[in-house]
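Work through the exercises below on aromatic rings and the charges over them. Try each task before reading its solution.

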Amino acid sequence: MIIVLKPHATDEQIEHVVQRVEALGLKPHLSKGTYRTIIGVIGDEEKLQAAPLEAIPGVAKVVPILPPYKLASNEAHPEPSVVDVAGVKIGGGFLAMIAGPCAVEGAERMDAIAKAIKAAGANLLRGGAFKPRTSPYAYQGMGEEGLKILRDTGDKYGLPIVTEVMDPRRVELVYRYTDMFQIGARNMQNFNLLTEVGQTRKPVLLKRGMSATIKDLLMSAEYILSEGNSSVVLCERGIKSFDSSTRNLYDVAAVPAAKALSHLPIIVDPSHATGRPDLIPPCALAGIAAGADGVHIEVHNCPEEALSDGPQALLPHQYAELAAQIKKLAELFGKTISPTRGK
Ligand code: PEP
Ligand code: MN
(Lines give C-alpha, C1' and ligand atoms only; values in the text may rest on other atoms or scores of the structure.)
(Ligands and ions follow the chains in the order given, each with its own letter.)
Protein backbone atom coordinates (compact mmCIF):
# COMPACT_ATOMS: atom_id res chain seq x y z
CA MET A 1 0.00 0.00 0.00
CA ILE A 2 1.18 3.50 -0.76
CA ILE A 3 0.16 6.47 1.34
CA VAL A 4 0.46 9.73 -0.59
CA LEU A 5 0.73 12.86 1.54
CA LYS A 6 -0.66 16.25 0.51
CA PRO A 7 1.86 18.75 -0.89
CA HIS A 8 3.45 20.63 1.99
CA ALA A 9 2.21 18.21 4.62
CA THR A 10 3.92 19.18 7.86
CA ASP A 11 6.61 17.10 9.56
CA GLU A 12 4.22 16.56 12.49
CA GLN A 13 1.54 15.21 10.14
CA ILE A 14 4.02 12.86 8.45
CA GLU A 15 5.29 11.66 11.81
CA HIS A 16 1.71 11.02 12.95
CA VAL A 17 1.03 8.81 9.88
CA VAL A 18 4.28 6.90 10.52
CA GLN A 19 3.24 6.29 14.12
CA ARG A 20 -0.21 5.07 13.07
CA VAL A 21 1.34 2.62 10.58
CA GLU A 22 3.82 1.36 13.19
CA ALA A 23 1.02 1.00 15.73
CA LEU A 24 -0.64 -1.43 13.28
CA GLY A 25 2.52 -3.55 13.41
CA LEU A 26 3.69 -2.55 9.91
CA LYS A 27 6.88 -1.01 8.62
CA PRO A 28 6.64 2.37 6.84
CA HIS A 29 9.19 3.33 4.15
CA LEU A 30 9.41 7.09 3.67
CA SER A 31 10.26 8.76 0.40
CA LYS A 32 10.56 12.54 0.75
CA GLY A 33 10.46 14.75 -2.34
CA THR A 34 10.61 18.53 -2.53
CA TYR A 35 6.83 18.96 -2.42
CA ARG A 36 5.47 15.56 -1.59
CA THR A 37 6.15 12.63 0.65
CA ILE A 38 4.97 9.13 -0.01
CA ILE A 39 5.01 6.27 2.46
CA GLY A 40 5.23 2.72 1.19
CA VAL A 41 3.94 0.01 3.50
CA ILE A 42 4.62 -3.66 2.96
CA GLY A 43 2.80 -6.24 5.01
CA ASP A 44 -0.74 -7.21 5.78
CA GLU A 45 -2.74 -4.79 3.63
CA GLU A 46 -5.96 -5.84 5.32
CA LYS A 47 -4.88 -4.13 8.54
CA LEU A 48 -4.34 -0.91 6.62
CA GLN A 49 -7.53 -1.26 4.60
CA ALA A 50 -9.45 -1.44 7.84
CA ALA A 51 -7.78 1.75 9.14
CA PRO A 52 -9.26 4.99 7.73
CA LEU A 53 -5.86 6.59 7.07
CA GLU A 54 -7.37 9.04 4.58
CA ALA A 55 -9.04 10.69 7.55
CA ILE A 56 -5.65 11.78 8.94
CA PRO A 57 -4.83 15.43 8.21
CA GLY A 58 -2.09 15.70 5.58
CA VAL A 59 -2.97 12.41 3.81
CA ALA A 60 -4.03 12.91 0.16
CA LYS A 61 -4.83 9.31 -0.72
CA VAL A 62 -4.15 5.72 0.11
CA VAL A 63 -3.43 3.46 -2.86
CA PRO A 64 -3.79 -0.28 -2.32
CA ILE A 65 -1.38 -2.51 -4.25
CA LEU A 66 -3.15 -5.82 -3.82
CA PRO A 67 -6.73 -6.30 -5.04
CA PRO A 68 -9.31 -6.61 -2.25
CA TYR A 69 -10.71 -9.78 -3.90
CA LYS A 70 -7.67 -11.79 -2.88
CA LEU A 71 -9.15 -15.29 -3.34
CA ALA A 72 -10.79 -14.45 -6.69
CA SER A 73 -7.65 -12.73 -7.94
CA ASN A 74 -5.31 -14.46 -10.34
CA GLU A 75 -2.36 -13.05 -8.40
CA ALA A 76 -2.91 -15.65 -5.70
CA HIS A 77 -4.04 -18.33 -8.15
CA PRO A 78 -2.46 -17.88 -11.60
CA GLU A 79 -3.91 -21.07 -13.18
CA PRO A 80 -7.50 -20.87 -14.44
CA SER A 81 -9.92 -22.70 -12.15
CA VAL A 82 -11.92 -25.64 -13.40
CA VAL A 83 -15.32 -26.02 -11.74
CA ASP A 84 -16.85 -29.48 -11.71
CA VAL A 85 -20.65 -29.63 -11.77
CA ALA A 86 -21.55 -33.28 -11.15
CA GLY A 87 -18.95 -34.39 -13.68
CA VAL A 88 -19.35 -31.52 -16.18
CA LYS A 89 -16.26 -29.32 -16.20
CA ILE A 90 -16.34 -25.55 -16.69
CA GLY A 91 -13.20 -23.45 -17.25
CA GLY A 92 -9.57 -24.22 -18.08
CA GLY A 93 -10.51 -25.21 -21.65
CA PHE A 94 -13.90 -26.79 -20.86
CA LEU A 95 -17.06 -25.09 -22.10
CA ALA A 96 -20.43 -25.10 -20.31
CA MET A 97 -23.47 -25.42 -22.56
CA ILE A 98 -26.25 -24.45 -20.16
CA ALA A 99 -29.72 -24.46 -21.71
CA GLY A 100 -33.37 -24.76 -20.77
CA PRO A 101 -36.47 -22.69 -20.21
CA CYS A 102 -36.53 -19.56 -18.09
CA ALA A 103 -38.96 -21.25 -15.68
CA VAL A 104 -39.88 -24.84 -14.97
CA GLU A 105 -43.50 -24.99 -16.13
CA GLY A 106 -44.40 -28.67 -15.91
CA ALA A 107 -42.95 -32.16 -16.36
CA GLU A 108 -43.99 -32.74 -19.97
CA ARG A 109 -42.68 -29.42 -21.20
CA MET A 110 -39.43 -29.87 -19.29
CA ASP A 111 -39.01 -33.32 -20.78
CA ALA A 112 -39.47 -32.12 -24.35
CA ILE A 113 -37.03 -29.23 -23.92
CA ALA A 114 -34.41 -31.33 -22.11
CA LYS A 115 -34.57 -34.03 -24.77
CA ALA A 116 -34.02 -31.46 -27.51
CA ILE A 117 -31.16 -29.58 -25.86
CA LYS A 118 -29.41 -32.82 -24.92
CA ALA A 119 -29.60 -33.98 -28.54
CA ALA A 120 -28.20 -30.59 -29.61
CA GLY A 121 -25.18 -30.97 -27.30
CA ALA A 122 -26.05 -29.06 -24.13
CA ASN A 123 -24.32 -30.38 -21.02
CA LEU A 124 -26.28 -28.66 -18.23
CA LEU A 125 -30.03 -28.17 -17.83
CA ARG A 126 -31.42 -24.94 -16.40
CA GLY A 127 -34.87 -23.90 -15.23
CA GLY A 128 -36.13 -21.56 -12.53
CA ALA A 129 -38.41 -22.85 -9.78
CA PHE A 130 -38.19 -19.56 -7.86
CA LYS A 131 -38.38 -16.63 -10.28
CA PRO A 132 -37.22 -13.09 -9.46
CA ARG A 133 -39.96 -11.06 -11.17
CA THR A 134 -40.15 -7.29 -11.30
CA SER A 135 -43.88 -7.46 -10.60
CA PRO A 136 -45.27 -9.35 -7.61
CA TYR A 137 -48.23 -10.25 -9.84
CA ALA A 138 -46.08 -11.98 -12.48
CA TYR A 139 -45.48 -15.75 -12.49
CA GLN A 140 -43.28 -16.61 -9.49
CA GLY A 141 -42.34 -20.21 -10.32
CA MET A 142 -43.45 -23.68 -9.23
CA GLY A 143 -41.34 -23.80 -6.05
CA GLU A 144 -40.36 -27.23 -4.72
CA GLU A 145 -42.55 -29.01 -7.27
CA GLY A 146 -40.46 -27.31 -9.99
CA LEU A 147 -37.22 -28.43 -8.31
CA LYS A 148 -38.47 -32.04 -8.35
CA ILE A 149 -39.35 -31.85 -12.04
CA LEU A 150 -35.98 -30.35 -12.91
CA ARG A 151 -34.12 -33.00 -10.86
CA ASP A 152 -36.05 -35.90 -12.41
CA THR A 153 -35.65 -34.55 -15.95
CA GLY A 154 -31.95 -33.90 -15.45
CA ASP A 155 -31.47 -37.45 -14.16
CA LYS A 156 -33.44 -38.93 -17.05
CA TYR A 157 -31.23 -37.24 -19.64
CA GLY A 158 -27.95 -37.36 -17.70
CA LEU A 159 -27.83 -33.55 -17.50
CA PRO A 160 -26.68 -31.95 -14.23
CA ILE A 161 -29.03 -29.11 -13.26
CA VAL A 162 -28.71 -25.39 -12.49
CA THR A 163 -31.44 -23.44 -10.72
CA GLU A 164 -31.77 -20.09 -9.01
CA VAL A 165 -31.93 -19.61 -5.26
CA MET A 166 -33.19 -16.18 -4.19
CA ASP A 167 -33.53 -16.45 -0.45
CA PRO A 168 -30.98 -17.57 2.18
CA ARG A 169 -33.85 -19.41 3.91
CA ARG A 170 -34.30 -21.60 0.83
CA VAL A 171 -30.64 -22.59 0.33
CA GLU A 172 -31.16 -25.84 2.22
CA LEU A 173 -34.20 -26.78 0.13
CA VAL A 174 -32.59 -25.95 -3.23
CA TYR A 175 -29.39 -27.73 -2.10
CA ARG A 176 -31.30 -31.01 -1.83
CA TYR A 177 -32.23 -30.93 -5.52
CA THR A 178 -29.69 -28.96 -7.53
CA ASP A 179 -26.18 -29.62 -8.82
CA MET A 180 -25.37 -25.92 -9.15
CA PHE A 181 -26.90 -22.85 -7.49
CA GLN A 182 -27.64 -19.84 -9.64
CA ILE A 183 -27.43 -16.43 -7.98
CA GLY A 184 -29.36 -14.06 -10.21
CA ALA A 185 -28.37 -10.57 -11.25
CA ARG A 186 -30.79 -8.99 -8.77
CA ASN A 187 -29.19 -10.88 -5.90
CA MET A 188 -25.53 -10.46 -6.82
CA GLN A 189 -25.09 -8.26 -3.75
CA ASN A 190 -27.38 -10.16 -1.41
CA PHE A 191 -24.46 -10.79 0.90
CA ASN A 192 -26.36 -13.08 3.28
CA LEU A 193 -27.33 -15.28 0.35
CA LEU A 194 -23.71 -15.33 -0.91
CA THR A 195 -22.48 -16.32 2.54
CA GLU A 196 -25.10 -19.07 2.78
CA VAL A 197 -24.22 -20.70 -0.57
CA GLY A 198 -20.54 -20.15 0.30
CA GLN A 199 -21.03 -22.42 3.30
CA THR A 200 -22.14 -25.28 1.05
CA ARG A 201 -19.78 -27.14 -1.26
CA LYS A 202 -22.01 -26.96 -4.35
CA PRO A 203 -20.91 -24.97 -7.40
CA VAL A 204 -22.39 -21.50 -7.79
CA LEU A 205 -23.21 -19.64 -11.01
CA LEU A 206 -22.90 -15.98 -10.02
CA LYS A 207 -24.56 -13.58 -12.46
CA ARG A 208 -23.34 -10.03 -12.81
CA GLY A 209 -25.71 -7.47 -11.31
CA MET A 210 -27.22 -5.11 -13.85
CA SER A 211 -25.40 -2.11 -12.43
CA ALA A 212 -22.36 -3.92 -11.10
CA THR A 213 -18.79 -3.30 -12.14
CA ILE A 214 -16.48 -6.22 -12.78
CA LYS A 215 -14.80 -5.47 -9.47
CA ASP A 216 -18.19 -5.58 -7.70
CA LEU A 217 -18.77 -8.99 -9.30
CA LEU A 218 -15.40 -10.23 -8.07
CA MET A 219 -16.07 -8.89 -4.57
CA SER A 220 -19.35 -10.85 -4.56
CA ALA A 221 -17.47 -13.96 -5.68
CA GLU A 222 -15.09 -13.28 -2.79
CA TYR A 223 -17.99 -13.63 -0.32
CA ILE A 224 -18.58 -17.18 -1.58
CA LEU A 225 -14.90 -18.12 -1.81
CA SER A 226 -14.11 -16.74 1.64
CA GLU A 227 -16.65 -19.15 3.14
CA GLY A 228 -14.63 -22.03 1.69
CA ASN A 229 -16.65 -22.77 -1.45
CA SER A 230 -14.13 -22.59 -4.29
CA SER A 231 -16.54 -23.58 -7.09
CA VAL A 232 -17.69 -20.25 -8.50
CA VAL A 233 -18.49 -19.53 -12.16
CA LEU A 234 -19.11 -15.91 -13.16
CA CYS A 235 -21.71 -14.92 -15.75
CA GLU A 236 -21.97 -11.81 -17.93
CA ARG A 237 -25.69 -11.21 -18.57
CA GLY A 238 -25.84 -7.59 -19.66
CA ILE A 239 -25.93 -4.31 -17.79
CA LYS A 240 -28.36 -1.37 -17.80
CA SER A 241 -28.00 1.17 -20.57
CA PHE A 242 -29.89 4.07 -22.15
CA ASP A 243 -30.49 2.12 -25.37
CA SER A 244 -33.73 0.15 -25.49
CA SER A 245 -32.88 -1.69 -28.71
CA THR A 246 -31.68 -4.56 -26.56
CA ARG A 247 -33.00 -5.67 -23.14
CA ASN A 248 -29.64 -4.98 -21.52
CA LEU A 249 -26.25 -3.97 -22.87
CA TYR A 250 -24.20 -7.08 -23.59
CA ASP A 251 -20.72 -6.35 -22.24
CA VAL A 252 -18.62 -8.88 -24.11
CA ALA A 253 -15.44 -7.11 -23.00
CA ALA A 254 -16.33 -8.17 -19.45
CA VAL A 255 -15.10 -11.66 -20.37
CA PRO A 256 -11.45 -10.86 -21.09
CA ALA A 257 -11.57 -8.04 -18.52
CA ALA A 258 -12.61 -10.48 -15.76
CA LYS A 259 -10.05 -13.02 -16.95
CA ALA A 260 -7.31 -10.41 -16.72
CA LEU A 261 -8.11 -10.13 -12.99
CA SER A 262 -9.40 -13.51 -11.94
CA HIS A 263 -8.85 -17.25 -12.32
CA LEU A 264 -12.59 -17.95 -12.07
CA PRO A 265 -14.39 -19.26 -15.16
CA ILE A 266 -16.78 -16.80 -16.79
CA ILE A 267 -19.64 -17.67 -19.11
CA VAL A 268 -22.03 -15.46 -21.10
CA ASP A 269 -25.82 -15.29 -21.12
CA PRO A 270 -26.82 -13.64 -24.39
CA SER A 271 -30.50 -14.44 -23.70
CA HIS A 272 -30.86 -11.98 -20.82
CA ALA A 273 -28.14 -9.69 -22.19
CA THR A 274 -29.98 -9.01 -25.45
CA GLY A 275 -33.55 -10.22 -24.89
CA ARG A 276 -33.74 -10.92 -28.64
CA PRO A 277 -33.61 -14.37 -30.23
CA ASP A 278 -32.13 -12.92 -33.45
CA LEU A 279 -29.15 -11.53 -31.51
CA ILE A 280 -28.51 -14.55 -29.30
CA PRO A 281 -26.51 -16.64 -31.84
CA PRO A 282 -24.05 -13.92 -32.90
CA CYS A 283 -23.62 -12.75 -29.31
CA ALA A 284 -23.09 -16.30 -28.02
CA LEU A 285 -20.38 -16.85 -30.64
CA ALA A 286 -18.80 -13.48 -29.82
CA GLY A 287 -18.67 -14.53 -26.18
CA ILE A 288 -16.86 -17.77 -26.99
CA ALA A 289 -14.51 -15.90 -29.32
CA ALA A 290 -13.79 -13.46 -26.46
CA GLY A 291 -12.72 -16.39 -24.28
CA ALA A 292 -15.92 -17.24 -22.39
CA ASP A 293 -16.01 -20.64 -20.70
CA GLY A 294 -19.51 -21.35 -21.90
CA VAL A 295 -22.93 -20.04 -22.78
CA HIS A 296 -26.20 -19.90 -20.88
CA ILE A 297 -29.18 -19.84 -23.23
CA GLU A 298 -32.94 -19.97 -22.74
CA VAL A 299 -34.73 -22.50 -24.93
CA HIS A 300 -38.47 -23.15 -25.11
CA ASN A 301 -40.47 -25.40 -27.39
CA CYS A 302 -43.44 -23.02 -27.49
CA PRO A 303 -42.25 -19.50 -26.61
CA GLU A 304 -45.72 -18.02 -27.07
CA GLU A 305 -46.94 -20.11 -24.13
CA ALA A 306 -43.91 -19.51 -21.91
CA LEU A 307 -44.72 -18.23 -18.42
CA SER A 308 -41.62 -16.04 -18.34
CA ASP A 309 -39.10 -14.67 -20.87
CA GLY A 310 -40.91 -16.26 -23.84
CA PRO A 311 -39.98 -13.48 -26.30
CA GLN A 312 -36.24 -14.16 -25.86
CA ALA A 313 -36.37 -17.97 -26.02
CA LEU A 314 -34.70 -19.87 -28.84
CA LEU A 315 -36.66 -22.71 -30.40
CA PRO A 316 -35.00 -26.12 -30.06
CA HIS A 317 -33.97 -26.20 -33.73
CA GLN A 318 -32.44 -22.70 -33.45
CA TYR A 319 -30.51 -23.84 -30.40
CA ALA A 320 -29.30 -26.94 -32.26
CA GLU A 321 -27.96 -24.76 -35.11
CA LEU A 322 -26.20 -22.48 -32.66
CA ALA A 323 -24.77 -25.39 -30.67
CA ALA A 324 -23.28 -26.81 -33.88
CA GLN A 325 -21.58 -23.47 -34.58
CA ILE A 326 -20.29 -23.26 -31.01
CA LYS A 327 -18.79 -26.73 -31.40
CA LYS A 328 -16.89 -25.58 -34.49
CA LEU A 329 -15.64 -22.49 -32.69
CA ALA A 330 -14.66 -24.61 -29.68
CA GLU A 331 -12.53 -26.81 -31.95
CA LEU A 332 -10.90 -23.76 -33.48
CA PHE A 333 -9.92 -22.49 -30.04
CA GLY A 334 -8.91 -25.91 -28.74
CA LYS A 335 -11.76 -26.01 -26.21
CA THR A 336 -13.73 -29.07 -25.13
CA ILE A 337 -17.44 -29.35 -24.36
CA SER A 338 -17.43 -31.57 -21.29
CA PRO A 339 -19.52 -34.65 -22.11
CA THR A 340 -22.51 -35.83 -20.08
CA ARG A 341 -23.77 -39.25 -19.06
CA GLY A 342 -26.52 -41.08 -20.91
CA LYS A 343 -28.04 -40.53 -24.31
C1 PEP B 1 -32.68 -16.16 -15.36
O2 PEP B 1 -31.61 -16.75 -15.57
O3 PEP B 1 -33.79 -16.59 -15.70
C4 PEP B 1 -32.62 -14.80 -14.76
C5 PEP B 1 -33.64 -14.31 -14.07
O6 PEP B 1 -31.45 -14.18 -15.01
P7 PEP B 1 -30.87 -12.77 -14.47
O8 PEP B 1 -30.72 -12.93 -12.99
O9 PEP B 1 -29.58 -12.64 -15.20
O10 PEP B 1 -31.87 -11.71 -14.84
MN1 MN C 1 -35.11 -15.74 -17.80
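The exercises cover ring pairs, then charges over rings.

This is a predicted model in which local features need pLDDT of at least 70, side-chain atom pairs count only at pLDDT 80 or more, and totals for chains, interfaces and linings use all residues. Residues are numbered from 1 along each chain as its sequence is written, chains are lettered from A and ligands numbered from 1 in the order in which they are written, and side-chain values use heavy atoms, without hydrogens and water.

**Exercise 1.** Classify the pair formed by tyrosine 175 and phenylalanine 181.

Solution. Rings of Phe, Tyr and Trp (its six-membered ring) pair if their centres lie within 6.5 Å; planes under 30 degrees apart count as stacked, over 60 as edge-to-face and the rest as tilted. The whole structure holds two aromatic pairs. In this one the centres are 6.4 Å apart and the planes meet at 35 degrees, so the pair is tilted.

**Exercise 2.** Is phenylalanine 181 buried or exposed?

Solution. Buried means under 20% relative accessible area, exposed over 50%, partly exposed in between (1.4 Å probe, protein chains only). Phenylalanine 181 has 0% and is therefore buried. Tyrosine 175, at 38%, is partly exposed.

**Exercise 3.** Describe the pair of phenylalanine 191 and tyrosine 223.

Solution. The centres are 4.5 Å apart and the planes 25 degrees, a stacked pair. Phenylalanine 191 is partly exposed at 33%, and tyrosine 223 is partly exposed at 34%.

**Exercise 4.** Which lysine lies over the face of tyrosine 175?

Solution. A charge sits over a ring if NZ of Lys or CZ of Arg is within 6 Å of the ring centre and within 35 degrees of the ring normal. Lysine 202 lies over tyrosine 175, at 4.4 Å from the ring centre.
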